[in-house]
Each structure stands twice: as structure tokens, then as C-alpha cells.
2 protein chains.
Amino acid sequence: MTSPSGTTDRILALPGRSQRAAAAKTSPVRDLLALTERPEVISFAGGLPAPELFDLDGIRASFDDVLHTPKVLQYSPSEGNPTLREEVARRYTDDGLDTAASDLIVTTGSQQGLGLLSTALLDPGDRILVEEPCYLAALQTFALAGARVVGVPYIGDELDLDALDRLAAEHSPKFFYTVPTFQNPTGRTHGLAARRLIAETAMRRGFRIVEDEPYRQLRYSGDPLPSLSTFAPEHVLSLGSFSKVIAPGLRIGWIRTTADVRPTVTIAKQAADLHTSTVDQAAAAHYLLSGRGEPALERIRVAYDDRRDAMLGGLPAALPAGSSWNRPDGGMFVWARLPEEMDASAMLTRALAHDVAYVPGAPFFAGPADDRALRLSFTTYAPDRISEGLSRLGIALGSAG
Amino acid sequence: MTSPSGTTDRILALPGRSQRAAAAKTSPVRDLLALTERPEVISFAGGLPAPELFDLDGIRASFDDVLHTPKVLQYSPSEGNPTLREEVARRYTDDGLDTAASDLIVTTGSQQGLGLLSTALLDPGDRILVEEPCYLAALQTFALAGARVVGVPYIGDELDLDALDRLAAEHSPKFFYTVPTFQNPTGRTHGLAARRLIAETAMRRGFRIVEDEPYRQLRYSGDPLPSLSTFAPEHVLSLGSFSKVIAPGLRIGWIRTTADVRPTVTIAKQAADLHTSTVDQAAAAHYLLSGRGEPALERIRVAYDDRRDAMLGGLPAALPAGSSWNRPDGGMFVWARLPEEMDASAMLTRALAHDVAYVPGAPFFAGPADDRALRLSFTTYAPDRISEGLSRLGIALGSAG
């Protein structure tokens, strides 16, 4: 084959990206966060844990201890470090949910858990249900799997359970994805009655539940609530993570699988990255056994509790009259709504001009967005900086006076 | 909805696994390796690097050094640690292939690179070409992506380049996957002329090349060969890894991407696991800068060279008359063929009875298998143990006398 110019190469165009990749977009929040990185900005936009609360000395000691045998640098089983799985299983069991080490597959952060479950359970075109709004990176993963995502709306701070039932009947979803405790982005928690009804709906309509629990241990008030698995043990796959309770840089999470899904998830894990970092898993297992994790987590809880209170204390003066927001018992986020006809994305420009930032709620919606909504993270600043940031926000939004 | 027994739940069956997951199988080699784990077995079946050659002290020192700042435990950019990317780019450039840090995306092992490129480039039903036989875990990843895999045969130890051209014309593949240097499972290497022709075929027929190079730096004889990217810079995506040259437990690899694919691969990486372990990347970057990596790699090369020679020296007596095998210039594997009518899978039972093991070649074929072929790994034993293992193999296969 020869082109008019006489060269023989570069005649055919290269194949393009896949259709499923074309359906996924880079995170708009990520792009926006670039704007908030000026050091003078007080940013409530991030979703990061506070690095000054990481137990750096304890974690370094664990790495140092395990790095005396070469096997922590070798390939290791796809299912994960046996000691780590036993320790996580023990914590579930102590928490009221009987769990064996063999029920757990270690993942490279719980984000990978979402991908593995998508691989194991979804073919392109399959439908799934999500909370509306929903954790953004989950939406991205489901888009890459070619799934058709249907949002289940809220009525106030409560999931619309009739809509869940109706949408399940209409779409025959493969699963319902939920962050039941201190959700990202809303900070919302499904109460005991709602948990029971969600599980019953799953059993009646024949769909699975993917329960994502990164924030469960970050509770500052109120009573712990049982896993959805308690009410529908064969229907619920749970994701857990050390990212918010030890440190995210280790990228260690897990899937608590049901027996029928386990072999398929294991194959998906092998194909994804063979296994999670051997040394990070060994250090995490060592750290759990060291007993340093509980007091470190308690320090995190106490600090975040203060920070949440600082935010909730400052919001009445910071947001314009007619705004509303919730009061989460834990987690990292408060979800607020500006008064009618006020657009949170448009207002962000004004906030940034006053060196304060938040995330508009719109990108978190699978369907039509609530343009008045915004997410405020309270974890990364001390209370006085939170108050200062909220003062700036009040000025930016014209709330003062 | 109520069942005859009056209960309302468990009426509908749970949704099953995805079609793509059903198409993938657990690794048969993995299942077989379980049989070789008796301590008395000398196993040439594994594909592991030798753990006694890991630079444990150097790597521990790097972890200890970086674990003095909390940012190594925090979330980090999806593209990877900037210093690490710069150091890897510098090594490519020193090696003759101009590379910028921005060309590289760090992956959780090169296995993840295969998955990210599959996500970015493949929709279910798309065709790809692979070498026949092919790296097994790659076949698994492509199966999970729903790809239709077409094997390109060899003529002796040389890829059949006419078949490559013909199959490309017939199937319009999205890419050709190759391990060009010291391939797993065969130890084969594409020579300079073959590299040029593979690249020209890709340009003429309009397909990409995914070049997987985990063994490139494990050369014990002969001259280094250029990357396929040298001949078709816009068509070639390269995968690299520290697994065989530093340690696999860190799970650090990378994709050297072309500009058109980079944004899509970045989105796929975000969705896969947000980013690779921050602390492992920081420690690897520190280790590269420490200067300890080069002498450690040289120790590995010298040891593996001896082990390869021990294997090549022992094979004439170990394999039955009429067998053949190759003499790789590097890597970890020798590929052998038993005499006509001798089945390598059947013979393995006999080998195990004599406490020696290898991997039959059959599972590595995408299409009809060569039942006489087997893979022998020479990396994990000292020369005298290799000789002892080959003596046992000779007795098992009735080669003596």
C-alpha cells in the first residue's frame, strides 16, 4: 500500500479509545481542586484526611520491623496477607458481624474494590442503582464498566425507599451501590429502619447491595448502626478501607465477599494487579497487632469532632438566609443548600476571590443535578482556621448583615 | 409478592457473575503450583525472582528515610510520584529512547498496566493479536476485557511475520501484545530485523503495539536491542516494572504512553485504584536516587547468568533424546520441547513423583496448544540445586541411558 507521496507508513489512522473509556470523564472535582491549591486559600473542597493526625512514628516502626525478611518484597497471594485478613475479620466479628478471614479479599484501596466488583458482576449495558447524589469516583468506575446508572432520590435526608423499590422493579439492577454511613458527598446515614427496608427490597427484588464503608469508624456522636449484611447476608458485598482510619497512601482496602462471588472476584483481582503491595500489607498487619491503631484512631475522632463542631457552629453566619444543611454524626462532610436561585458553581468563583473554596454538588449527581447544593469538608483544618474560612465564605456569599 | 410458604424474601435468584468474568479462568499454573510447594520438590515451575538477591537493607533504609514526612502516607496524584517518573524517564533516555516524565504513568505493577490499556483501548468483542504462546496473566486480563484473542505463531524461535501481517489484515486488531525481550514463557527475543518489521507492519496495518518489558534489564549475554517504539513512536505503548530488577512485592510498574492515549489511561488509573501506594513510590524513588540499585541489579545478573548456565549445562542429560530447547540471552526461562508423542502435562506427574517440577506449555497458548512444550525457570536455585533438579528430571523422564 503506497500513499500519493510515496511513503508507505502512516496511512491508516490509529485505533481510538474504547467506547467505555469515552463514556468516562476526568473528575471535574479534581480539575477544580487545582484552583484551590494556592496556599492562601482555605479549602473545604478536598476530601483528604488530616496528615498531622497520621501515626507516622508507629507506621514507620511497623515498616522497619517487617523489612527484615525478604518475603515482604516477594510476590504474595492475590487474596491478601493472611494475618491482615484475620485481624480485619476479627474486628468485623467483634463489631457484631461474624466474619472469617476467607471472606475477605485485600484490595489496592477500596476504589479497586469497586472496580473488581464491576468486573465480576457487570457487563456493558447492565443497570445499577446508586444514591443520588453519589460518590464521584464510583460513578467513574461504573461508567468505565459500561453500566447504565440510575439514581435513587432522597426526600430530605432520607433515601426515598418507595423509589428504590419502583426503580428496582423497572430496571432489574445488578446491584444498588450505597455508602450507608456518613456518605460522600452528603454526610448522610441510613438509619436502622431504612437499612432493614433497603435489605428487604434487595431480597424481594433480587438485586445485590454493594455497601461502601470508608467512614464507618469516624463516628463522633450517636450509636453505631449494623451493616446491611446483617439483614441480607447473601445479598451484601461490603467494602472497607484503612484510608480514613490509618492512612490513604498505603492503598489498603478489602472486599467482604459472599461465597458465590468470591472465586470471580479473586480472578478479577489476579488480573487487576496480581496482589496489593506485599510490604504495605505486612506493615499494616504489624501495625494492627501493635495496638497503636486504636489510640491513633481515637485522636483522629476527637480532632474531627471538634472540627465538625467548628463548622456547624460557623455555618449559620456563613451561609445566606434561606440556606439549609445537615448535622452529620461523623465522617468528613457537611452537605448544604443555598437559597433558591443561587447556583453553587457560580458562587464558587466569588468564594475563590475571597480565598475560600468548597465543591459544588452538581458533579455528584448521576441524573439532573441540584445546582444549589455544595459539599464542605471539615477534616483538614484546626477549628480556628475553619472559623476564618467560614467568615470569608460569609463575606463572599454576602451573608453578613 | 409472596411465596407459597408465606415468606416474602429470597424469591428471586441473585444476579450471576458477568459474562466477561465467566470467560476468564483462574490460572491453571497457579493451581498447579500448589502441588510443587512441598519443600522437598525442586521446582522449575515458578516465575519468581530470587528473594535472597533483593537489596533488603537498601530498600529498608529508603522506607525509613521517606517515612519521616506524613505526605508519604497521604493521597497522591494518579499519574505517580514526580521524582520516580523523572528517574525512570532519565533511564529510558540514557538507554537511547527520549522520554519525558510526563510520558509515564505509574501503575500497581505492570499487570495493572495491561488492565489500564485494556480499559482504555478495548470494548468487548474487539480483536487483538498476541504471541503464541503468550504470558498467561495477560491472556486473563484480555479475556476479562471481553477481547477476542488471536495468536500469532512462531516458526522455530522466530515470530512468523507473514502471519502477523495476514492476521492483522484479517482481524483489524486494536493492538498486538508482545514481550519482545526474554519472553515469558519462552525466553525468546525478537531480533533487530524482526523489531523493525513488526513496527512497520503496525504502521502499515494501523494497529498499536503493547510492548511489555519486565525482563529487558536481565541480560546476561548479547547486545541490548532497541524498544519497538524506536521504529514506530506513535504506535507503541511500553510497559515497565521494578518487579524483576528491584522487588515484585512493591508492585510498581509504569506505562510509557503516547500522547493520544495518555488522558484516557489517566482516567482508567483514577478509576482503578486512584493511585499506586504513595509510600512504596516514595521509597522506590529514594532507592533509585541512592545509587544502590545498579550494583544490586548487577548482583542479580551475575547470579542468574550462572543459574542459566547450570540449566543449559544440565539439560542435554535431563531431557530425552529428540528433545529441543533454546538458549536465551537473559530473563528467567528456558522453553523446551519433548520428543514426538511425549505429553508435557502427563510427564509432570512423573516428575513430581521424583520431587522435581516444571510448567507444561499448554496453558500459555491462546489457540491449539503444543502439548510437547514446557517452561523451565532457572532463577530461584543455586547452580548445584539446579543440577540436582535436572538429574531428578532425567530419571523421571527416563532420559538416562
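In which loop of chain B is B:Pro133 found? B:Pro133 is found in the loop between strand S3 (127-131) and H6 of chain B.

## Basis of the model

This is a predicted model, in which local features need pLDDT of at least 70 and side-chain atom pairs count only at pLDDT 80 or more, while totals for chains, interfaces and linings use all residues. Residues are numbered from 1 along each chain as its sequence is written, and chains are lettered from A and ligands numbered from 1 in the order in which they are written.

Helices (H or I, at least four residues) and strands (E, at least two) are DSSP runs, numbered from the N terminus.

## Cis peptide bonds in chain B

B:Glu132 and B:Pro133 are joined by a cis peptide bond with omega of about 5°. B:Pro185 lies in the loop between strand S7 (175-178) and H8 of chain B. As background, most peptide bonds are trans, and most residues other than glycine have a negative phi.

## Positive phi values in chain A

A:Phe182 has a phi near 55°, a positive value in a residue other than glycine. This residue is placed in the loop between strand S7 (175-178) and helix H8 (192-205) of chain A. A residue is buried if 20 or more other C-beta atoms lie within 10 Å of its own, exposed if 12 or fewer, and partly exposed in between, with C-beta atoms placed from the backbone. A:Phe182 counts as buried because it has 24 C-beta neighbours inside 10 Å.

A:Leu274 also has a positive phi, near 70°, and is a residue other than glycine. The loop that holds A:Leu274 runs between helix H9 (262-273) and helix H10 (278-290) of chain A. With 20 C-beta neighbours inside 10 Å, A:Leu274 counts as buried.

## Helix packing around H5 of chain B

Helix H5 (residues 109-121) and helix H9 (residues 262-273) of chain B pack at an angle of about 120°, with their axes 9 Å apart. H5(B) is therefore oblique to H9(B). Axes are lines fitted to C-alpha atoms, for helices over the stretch in contact, and angles run from 0 to 180 degrees between N-to-C directions. Angles under 35 degrees count as roughly parallel, over 145 as roughly antiparallel, 65 to 115 as roughly perpendicular and the rest as oblique. The crossing of these two helices, H5(B) and H9(B), is right-handed; a crossing is left-handed if the near helix is turned anticlockwise from the far one by less than a right angle, and right-handed if clockwise. Residues of H5(B) including B:Gln112, B:Gly115 and B:Leu116 meet a group in H9(B) that includes B:Thr264, B:Val265 and B:Ala268. By class, this contact of H5(B) with H9(B) has 6 nonpolar, 4 polar and 1 charged residues. Ala, Val, Leu, Ile, Met, Phe, Trp, Tyr, Cys and Pro count as nonpolar, Asp, Glu, Lys and Arg as charged, and the others, Gly among them, as polar.

H5(B) also packs with H6(B), at an angle of about 30° and with the axes 10 Å apart, so H5(B) and H6(B) are roughly parallel to each other. Their crossing is right-handed. B:Gln111, B:Leu114, B:Gly115 and B:Ser118 in H5(B) meet B:Ala137, B:Ala138, B:Thr141 and B:Phe142 in H6(B). The contact of H5(B) with H6(B) has 4 nonpolar, 4 polar and no charged residues.

## Strands and sheets

In chain A, strand S10 (residues 253-256) is covered on both faces: A:Gly253 and A:Ile255 on one side and A:Trp254 and A:Arg256 on the other are all buried. Strand S2 (residues 104-107) of chain A pairs with S10(A) in the antiparallel sense over 4 bridges, and A:Ile255 is the bridge partner of A:Ile105. Two strands pair if DSSP finds at least two bridges between them. Strand S9 (residues 236-241) of chain A and S10(A) likewise form an antiparallel pair over 4 bridges, with A:Ser241 opposite A:Gly253.

In chain B, 4 strands form an open antiparallel sheet in the order S11-S12-S15-S14. Strand S11 (324-325) and strand S14 (359-360) of chain B stand at the edges, each with a single partner strand, so one side of each is left without a neighbour in the sheet.

## Interface between the chains

Contact between the chains involves 77 residues of chain B and 77 residues of chain A, where two residues are in contact if their C-beta atoms, placed from the backbone, lie within 7 Å. The residues on the side of chain B that touches chain A divide into 35 nonpolar, 23 polar and 19 charged.
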